[in-house]
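Q: I have a structure to go through before class. Walk me through it, please.

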Amino acid sequence: MLVVMREDVSEDQVAAVVARLERDQLSVHRSDGGARVVLGVNGTREIDPRTIEMLEGVHEVLQVREPYRLASRSFRAADTVITLASGPAEGLRLGGDEVVVVAGPCSAESRDQVARTAAACHRGGAKLYRGGAFKPRSSPYSFQGLGEEGLAMLRDAAREEGMALVTEVMDAAQIELIERYADILQVGARNMQNFTLLKELGRTRTPVLLKRGISATIEEWLLSAEYILAGGNEQVILCERGIRTFESATRNTLDISAIPVVKQMSHLPVFVDPSHGTGRRDKVAAMARAAVAAGADGLLIEVHHDPDHALSDGPQSLHPAQFEQLMAELRIIAPAIGRSICVETERRSGWGR
Ligand code: PEP
Ligand code: MN
């Protein structure tokens, strides 16, 4: 249920409506995005909408068709823009006019590898560095990541280049540890429906990059985002990373049409990962260009200073020169659809030391 307040509503009237709803054990999420204050109401208890319609300051009560209420455009008409509140990329806006590029290796492997790759990503114009320390691998015999040692390496390399860090959290028990190192927490495709993890992420106030599950419908994906939003964490970024289809020429089928579809259904920023989406270095640039042209708010691209010797996802990781070339192309495409890709690549060496 959505409670739309009158344009001239007072704070006291809003507070009275919230208190009335909470009296019935309903949870209330407030949106101030548009011209009117909107209250998103969730809970298992039934309440007669007329009871609320009668209250002072209420314009109308709407029943939301979408099961993902807080993630829906009905709840918040304007695009959500997530502004990083701290760290080296403090003030960076995700979901605004600028298309933000996140780049880095699939996994942290050594101090030398993360440092060299971070320098290459920053040179190309990436604002955020991304690498994994806890890796969800299909086989238990594949490289599983360096754990906390990898987190420290990634954080140091990102800080050295003045970039914020995105890294994956695989389990609710890891959140506290990873938050000490990262600025954005990634939920991988395989964990998109790890509801315990999603609920715990709802309690943090760190932005979450939520990848689409390997076989998830868009509605299921938005419902997973809803778990995080319902917990009170409003900073969710969706990331399309390809889905499993009958096609085997690429590792996954990157669903480019999901970008305009999701942007109509939801106010949340949509990023695209063409690296996992294709699984092939030679196809990454084409799909990255297509994603920006289709309206993606950001990209997540795997880059490695020496991909032929990478411990994970080498075949889909770009060489530094390929990444720089791609960024140059994206800077031409973005303005054609009214977006920009910031060209600032100044080295803010040694941030936070
Ligand atoms: C990754 O980002 O390296 C990764 C494992 O991605 P996904 O969860 O999309 O497979
Ligand atoms: Mn990977």
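Q: Which residue is the bridge partner of Val 272 in β14?
A: Leu 299 in β14 is the bridge partner of Val 272. Helices (H or I, at least four residues) and strands (E, at least two) are DSSP runs, numbered from the N terminus. The model is predicted: local features need pLDDT of at least 70, side-chain atom pairs count only at pLDDT 80 or more, and totals for chains, interfaces and linings use all residues. Side-chain values use heavy atoms, without hydrogens or water, residues are numbered from 1 along each chain as its sequence is written, and chains are lettered from A and ligands numbered from 1 in the order in which they are written.

Q: How many bridges join β13 and β14?
A: Two bridges join strand β13 (residues 270–272) to β14, in the parallel sense. Two strands count as paired if DSSP finds at least two bridges between them.

Q: And what about β7 with β14?
A: Strand β7 (residues 100–104) pairs with β14 over five bridges, again parallel. Gly 104 is the residue opposite Glu 302 of β14.

Q: How many residues of β14 are buried?
A: Five of its five residues are buried, so β14 is mostly covered, where buried means under 20% relative accessible area, exposed over 50% and partly exposed in between (1.4 Å probe, protein chains only). Gly 298, Leu 300 and Glu 302 point one way from β14, while Leu 299 and Ile 301 point the other way.

Q: New topic, the metal. Which residues are the protein donors of the manganese ion (ligand 2)?
A: Cys 106 (SG), His 276 (NE2), Glu 302 (OE) and Asp 313 (OD) are the donors, at 2.1 to 2.4 Å from the ion. Donors are N, O and S atoms within 2.8 Å of the metal (3.2 Å for Na, K and Ca), and sites may look incomplete because water is not among the atoms.

Q: How are the donor residues spaced in sequence?
A: The spacing for the manganese ion (ligand 2) is C-x169-H-x25-E-x10-D. Glu 302 in strand β14 (residues 298–302) and Asp 313 in the loop between β14 and α11 (320–336) are 11 residues apart, and the pair links distant parts of the chain.

Q: Why does Asp 313 count as buried?
A: Asp 313 counts as buried because its relative accessible area is 15%. For Glu 302, also buried, the value is 0%.

Q: What is the phi of Asp 313?
A: Phi of Asp 313 is near 55°, a positive value in a residue other than glycine. Most residues other than glycine have a negative phi. Gln 25 also has a positive phi, near 60°. Gln 25 sits in the loop between α1 (11–23) and β2 (27–31), and counts as exposed because its relative accessibility is 54%.

Q: How many disulfides are counted?
A: Zero disulfides are counted, with a pair of cysteine sulfur atoms within 2.5 Å as the rule. Cys 121 is in none, and its nearest cysteine sulfur, that of Cys 106, is 13 Å away. Cys 239 is in none either, with the sulfur of Cys 106 again the nearest, at 13 Å. Cys 239 is buried, at 0% relative accessible area.

Q: What is the volume of the second largest pocket?
A: The second largest pocket has a volume of about 210 Å³. Among the 19 residues that line it, Pro 136, Arg 190, Arg 251, His 276 and Asp 313 are the closest to its centre. On a 1 Å grid over the protein atoms alone, a pocket is an open set of points with protein on both sides within 12 Å along at least five of seven lines, a cavity is a set where a 1.4 Å probe fits but cannot get out, and lining residues have an atom within 4 Å of a point. Points are joined across faces, edges and corners, and a volume is the space filled by probe spheres set on them.

Q: How does the lining of the second largest pocket divide by class?
A: That lining has 10 charged, six polar and three nonpolar residues. Ala, Val, Leu, Ile, Met, Phe, Trp, Tyr, Cys and Pro count as nonpolar, Asp, Glu, Lys and Arg as charged, and the others, Gly among them, as polar.

Q: And what about the largest pocket?
A: The largest pocket holds about 250 Å³ of space. Its lining has 13 residues, with Met 1, Gly 43, Arg 45, Gln 63 and Arg 69 nearest the centre. Six of the lining residues are nonpolar, four polar and three charged.

Q: Last one: how many cavities of 30 Å³ or more are there?
A: There are two. The largest cavity has a volume of about 70 Å³, and its lining includes His 29, Phe 75 and His 267.
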